[in-house]
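I am opening a notebook page on this structure. The entries below record what I looked up, one topic at a time.

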Amino acid sequence: MIEEEINMEEQKFMPEGWNLADNEVDEELERKVTILTEAMEKNETLEGLVTMADSDFNLHVDLDGIKGIVPRSEVSSTVEADGLPRPVASITKVNKRVQFKIKEIKRENGQVTVVLSRKAVELEVRDWMFKNLKEGMVLSGIVRNMEQYGVFIDIGGGVTGLLH
């Protein structure tokens, strides 16, 4: 049997991903991880789109191609008797943008997973409110729900106020 080496430039079909050199992909991933690491070190509040809530009610967030996970325990600071947020707190966030802080960046088998916390943002906003909010202050917000007894307004970081 005669083996003949074929030049890949002459081959009609290329294997998937052939044109992306591994080091180019690695460099782009490292650039993104560096940005996320700096945000974590500076304790910055970031925002991303929730793509899914899994069967354990963890939120999956797209971080420009890197997997972000908000564990159920970090979805909200408001918890039930079991110490966890209600499942609806996760389900209602799917296909919406949420704010979060980065808790940890994990590397395993060439994959990067970023552990996120919405609860940390909520607690920071509430802390700011209790220290700085004064009667007569004007805040920006988004009306989230209207009831006969008042209007619920999102003032940021997942904190909602009731206006009578």
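**Entry 1: a nonpolar patch**

I looked up Leu133 and noted it as partly exposed, because its relative accessibility is 34% and the class runs between buried (under 20% relative accessible area) and exposed (over 50%), with a 1.4 Å probe and protein chains only. The model is a predicted one, where local features need pLDDT of at least 70 and side-chain atom pairs count only at pLDDT 80 or more, while totals for chains, interfaces and linings use all residues. Residues are numbered from 1 along each chain as its sequence is written, and side-chain values use heavy atoms, with hydrogens and water left out.

I placed Leu133 in the loop between helix H3 (119-132) and strand E6 (142-147); helices (H or I, at least four residues) and strands (E, at least two) are DSSP runs numbered from the N terminus. Leu133 forms a nonpolar surface patch with Trp128, Met137 and Leu139, and together they have about 340 Å² of accessible area. Areas are from the Shrake-Rupley method with a 1.4 Å probe, and for residues only the protein chains shown count as cover. Patch members have over 30% relative accessible area and no salt bridge (a Lys or Arg side-chain nitrogen within 4 Å of an Asp or Glu carboxyl oxygen); nonpolar side chains (Val, Leu, Ile, Met, Phe, Trp, Tyr) are joined within 5 Å, like charges within 9 Å.

**Entry 2: Glu74**

Is Glu74 buried or exposed? I found Glu74 buried, at a relative accessible area of 9%. I located Glu74 in the loop between strand E3 (66-70) and helix H2 (87-91). Leaving out residues up to four places away in sequence, Glu74 touches Lys103, Leu116, Ser117, Arg118 and Lys119, where contact means heavy atoms within 4.5 Å. With Ser117, the side chain of Glu74 makes a polar contact of 2.4 Å (N or O atoms within 3.5 Å; within protein, one able to donate a hydrogen and the other to accept it, and sequence neighbours counting only if both atoms are side-chain atoms).

**Entry 3: aromatic rings**

I searched the whole structure and got one aromatic pair. The pair is edge-to-face, because the rings of Tyr149 and Phe152 have centres 6.1 Å apart and planes at 90°. Pairing requires centres within 6.5 Å; planes under 30 degrees apart are stacked, over 60 edge-to-face, the rest tilted. I noted Tyr149 as partly exposed at 49% and Phe152 as partly exposed at 24%.

**Entry 4: positive phi**

I noted that Phe57, not a glycine, has a positive phi of about 65°. Phe57 sits in the loop between strand E1 (46-53) and strand E2 (59-63).

Conventions:
Rings of Phe, Tyr and Trp (its six-membered ring) pair if their centres lie within 6.5 Å; planes under 30 degrees apart count as stacked, over 60 as edge-to-face and the rest as tilted.
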